[in-house]
Amino acid sequence: MDSAHSMTPYDPNSIEAKWQAHWEEHKTFKVEADSSKKKYYLLEMFPYPSGRIHMGHVRNYSIGDALARFKRMQGYNVMHPLGWDAFGMPAENAAIKNKSHPAQWTFENIRTMRKQIQALGFSYDWDREIATCHPGYYKWNQWLFLKLLEKGLAYRKNSTINWCEDCHTVLANEQVVDGCCWRCDNEVLQKQQEGWFFKITDYADRLLDGCKTLSGKWPEQVLTMQTNWIGKSFGAEVDFKIQDSDEVVKVFTTRPDTLYGAMFMVLAPEHPLTAKLARGTEQEKAIGDFVSNVKDQDTIARTSEGGEKQGVFTGAYARNPLTGESIPVWTANFVLMDYGTGAIMSVPAHDQRDLDFARKYNLPVRVVIQPEAPALDAETLTEAFTAEGAMVHSGAFDGLIGQKARKAVCEFLDKEGIGKATINYRLRDWGVSRQRYWGTPIPVIHCSDCGIVPVPEDQLPIELPLDAQLGAQGQSPLHSLESFYKTTCPKCGGNARRDTDTLDTFVCSSWYFDRYTSPRSEQAPFSKEDNDYWMPVDQYVGGIEHAILHLLYSRFFNLVMNDLDLTTIPEPFAHLLTQGMVIKDGTKMSKSKGNVVDPDEIIRAYGADTARVFILFAAPPVKDLEWSDQGVEGASRFLGRVWRIFGELGANIQAVPLPGESFTTSTPEIKALRRMTHITIRRVTDDIEKRLQFNTAIAAIMELVNHLFNFKEWWSDENNQSEPAQRAVRETLETLILTLSPFAPHLAEELGSQIGFSETLDKMTWPQYIEALTQTDEMLIVLQVNGKVRQKISVASGISNDDLKAQCLEDSKIKEWTEGKEVKKVIVIPKKLVNIVVQ
């Protein structure tokens with residue numbers, strides 16, 4: 001190392017520019033499948049090209065990059081790609097606002113964001129970059145759609161859909177959050193419309209089974225959210241006959257043991273029988289008004305516990321199949337058509353929602369499940385009893401409890417032909433039609449003679465016309481653009497019309513991780529050979545806000561591709577880390593709140609390594625991170641200290657060998673330095689590999705740097721700079737470079753070159769600690785006086801009890817508590833504490 005280094009200020013900008021140019025020129029992070037090497041696929045959720053990166057991006061990518069660099073130094077063949085989730089409504093909205101085209105806006109943003117990301121020095125293989133708005137990518141969206149269509153997993157139907165007026169498009173159930181659009185946060189309405197659906201419900205059980213295999217590898221919160229969203233329920237389907245009619249209403253219940261307590265039934269307002277039963281009766285107008293009113297209510301609010309329960313009597317009665325009693329048929333806002341059968345039996349004594357409804361509308365209540373004590377009284381009941389108990393007022397079933405009771409009732413229903421045991425799911429099929437322009441055109445043709453005809457594969461991709469002009473409010477131009485929709489039927493050759501909807505952009509992100517394995521494949525979505533080598537993603541990093549949407553859809557697509565013999569792995573993401581948000585002034589950073597910190601400004605002022613170290617040190621990855629200008633300055637000072645300590649200790653050690661296995665020393669300072677070095681290796685390795693706790697890993701490195709500054713005083717005496725001491729210093733400085741490199745790679749590369757590394761860090765091996773060197777020759781002893789802790793001291797591990805007692809009694813702090821008193825007894829608990837009893 002140049003002895004002038006200690007006089008040269010740390011200049012992160014020039015160092016970072018130098019090494020980024022080196023990595024780009026040498027394609028340092030380019031990777032190919034190699035069966036002779038163990039692979040590691042590290043992936044962060046790809047960004048939407050919104051214009052500029054923000055600190056949330058920096059945190060996400062810094063977490064992934066630290067792990068990618070660590071695994072590369074452990075000898076793994078690491079694939080670490082990045083691309084762009086480039087279709088979607090924000091591009092359209094921005095294009096309208098800026099009077100530009102979505103394609104122009106998107107690709108300009110990609111160029112800007114790529115430059116920003118490269119300035120942070122992340123180890124991406126840019127040769128694998130993809131953009132989902134490129135025809136070379138969305139061709140395979142269309143191809144996969146056709147495969148789902150062939151298998152009966154894509155179908156078209158008329159249904160009640162979620163409609164966002166502001167975005168002018170349909171939303172999947174998963175995209176409605178608290179009654180509002182997940183994208184624009186405006187109210188979602190419901191209306192009838194025809195559209196395309198993917199049959200994700202066919203995979204409900206396999207998705208649930210997968211949640212079990214992912215336990216311990218994914219955050220339990222995410223798995224719980226997915227499990228609850230799928231919502232598998234065991235119960236019975238029961239037939240209730242409408243009186244004076246041939247109509248039979250099927251009802252799903254998870255509690256068939258409460259059937260004798262069904263005092264009324266409730267239909268969803270959208271149920272076809274709701275209006276039919278009231279037709280021609282005095283209830284017809286009331287029902288019509290109620291159904292019209294409920295259409296404007298949000299489904300989330302309708303079913304929430306705190307929402308107002310509203311209903312109207314239809315005028316009809318049904319017969320309870322077990323009691324034979326006539327029970328009134330109501331319609332109510334809390335029953336949804338798309339859950340179960342759209343009809344429920346109401347058992348007010350054993351369901352709180354039903355009890356609230358019964359009390360509001362003065363409907364009868366009957367207890368049919370009794371706890372051991374105290375007995376329930378239907379007249380005074382204010383809280384429904386929902387736990388297990390003995391059946392009562394239930395004929396031959398009285399006394400049966402729990403699962404035995406439910407099984408007996410189901411067997412009776414089946415025997416009598418009035419019901420059966422069944423399973424229900426909350427999950428609904430995925431609506432994928434979108435009435436927007438900037439997305440993947442759906443590859444089907446509508447022919448008046450042949451019906452729906454798939455576009456032949458050799459005509460893919462059906463390209464999005466880039467000369468189309470959006471409507472002033474974002475309306476798609478595709479349905480009125482003759483050059484796009486006019487076509488001929490592939491079957492009969494007659495005039496036909498292309499489908500003018502586009503696919504939900506979550507289709508793009510449901511398999512992009514597979515495309516990275518062979519991103520330029522033109523014969524298939526990806527090479528099966530490459531996919532078998534690289535998949536699954538070993539570590540996936542992203543926000544928990546994608547727990548249900550992207551992550552569930554990706555798991556579904558993977559299972560479909562298993563069935564298409566395209567992939568073999570059961571789950572696409574072996575491990576998942578959901579990082580916390582970056583917040584400032586108590587709230588999430590956002591432009592609207594004016595609390596955004598521009599990464600470019602931080603890089604210009606402090607350097608990319610400082611930004612990376614701060615964002616990884618400030619909080620554990622899964623916790624929210626509070627932005628701190630002081631914290632950024634602290635990270636900068638730390639890297640400056642690293643630079644200076646190399647200037648102080650790094651001179652004349654380029655040719656010095658590392659300590660070998662036979663290396664020994666009796667010099668306490670050298671022993672302490674080596675112990676601290678190997679403790680640091682162990683701590684950093686375990687914190688990254690076992691816990692993904694980068695903040696504590698960096699803290700361990702900081703402690704090593706502090707130790708080096710203390711060691712420097714001893715080292716400054718030239719008489720102490722012996723050959724063994726130089727070897728120990730060389731070992732520590734190499735350790736510092738290698739352990740720092742996942743977090744501050746530019747500085748680490750520069751320091752490595754200065755102390756004589758012959759290769760760049762991507763080719764270096766992660767250091768190994770020697771367990772024996774992490775052990776100390778001392779132990780910490782707690783000193784008590786009359787059972788109260790008064791002092792802690794370090795003593796030689798081999799000290800005798802007599803010497804230990806004597807040393808304790810001579811301690812100055814202990815003397816303050818024993819002076820003038822008689823020492824009655826000194827109790828030694830080996831290797832732990834000494835208790836001095838005085839009087």
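## Helix pair

A crossing is left-handed if the near helix is turned anticlockwise from the far one by less than a right angle, and right-handed if clockwise. In this predicted model, α19 passes α22 in a left-handed crossing.

Helix α19 spans residues 629-649, and helix α22 spans residues 723-740. Their axes come within 11 Å. The crossing angle is roughly 155°. Angles over 145 degrees count as roughly antiparallel, so α19 and α22 are roughly antiparallel to each other.

## Largest cavity

Rolling a probe the size of a water molecule over the atoms shows where empty space is left. Here the count is two cavities of 30 Å³ or more. The largest cavity has a volume of about 150 Å³.

Its lining holds 17 residues. Nearest the centre of the largest cavity lie Gly-88, Met-89, Arg-434, Asp-504 and Thr-505. Which of them gives the most? Strand β4 does, with three residues. By class, the lining of the largest cavity splits into six nonpolar, six polar and five charged residues.

## Second largest cavity

The second largest cavity has a volume of about 90 Å³. Its lining includes Trp-23, Thr-28 and Phe-29. Arg-69, Arg-72 and Met-73 also line the second largest cavity. So do Ser-741, Pro-745 and Glu-749, along with Leu-761 and Asp-762.

Two elements give two or more residues to the lining of the second largest cavity: α2 (55-73) and α23 (745-754). The largest share is three residues, and it comes from α2. By class, the lining of the second largest cavity has five nonpolar, two polar and four charged residues.

## Three-stranded sheet

An open sheet of three strands runs in the order β27-β26-β28. Its pairing is mixed. The edge strands are β27 (587-588) and β28 (625-626). Each of these edge strands pairs on one side only.

Strand β26 covers residues 582-584. How many bridges join β26 to β27? There are two, and the strands run antiparallel. The bridge partner of Ile-583 is Lys-588, in β27.

Key
Residues numbered from 1 in each chain as written. Predicted model: local features only at pLDDT ≥ 70, side-chain atom pairs only at ≥ 80, totals over all residues. Heavy atoms only, no water. 1 Å grid on protein atoms, 1.4 Å probe; cavity = no way out; pocket = protein on both sides within 12 Å on 5 of 7 lines; lining within 4 Å. Points joined across faces, edges and corners; volume = space filled by probe spheres on them. Helix = DSSP H or I, 4+ residues; strand = E, 2+ residues; numbered from the N terminus. Nonpolar A, V, L, I, M, F, W, Y, C, P; charged D, E, K, R; others polar. Pairing = 2+ DSSP bridges. Axes fitted to C-alpha atoms, helices over the stretch in contact; angles between N-to-C directions. Parallel < 35°, antiparallel > 145°, perpendicular 65-115°, else oblique.
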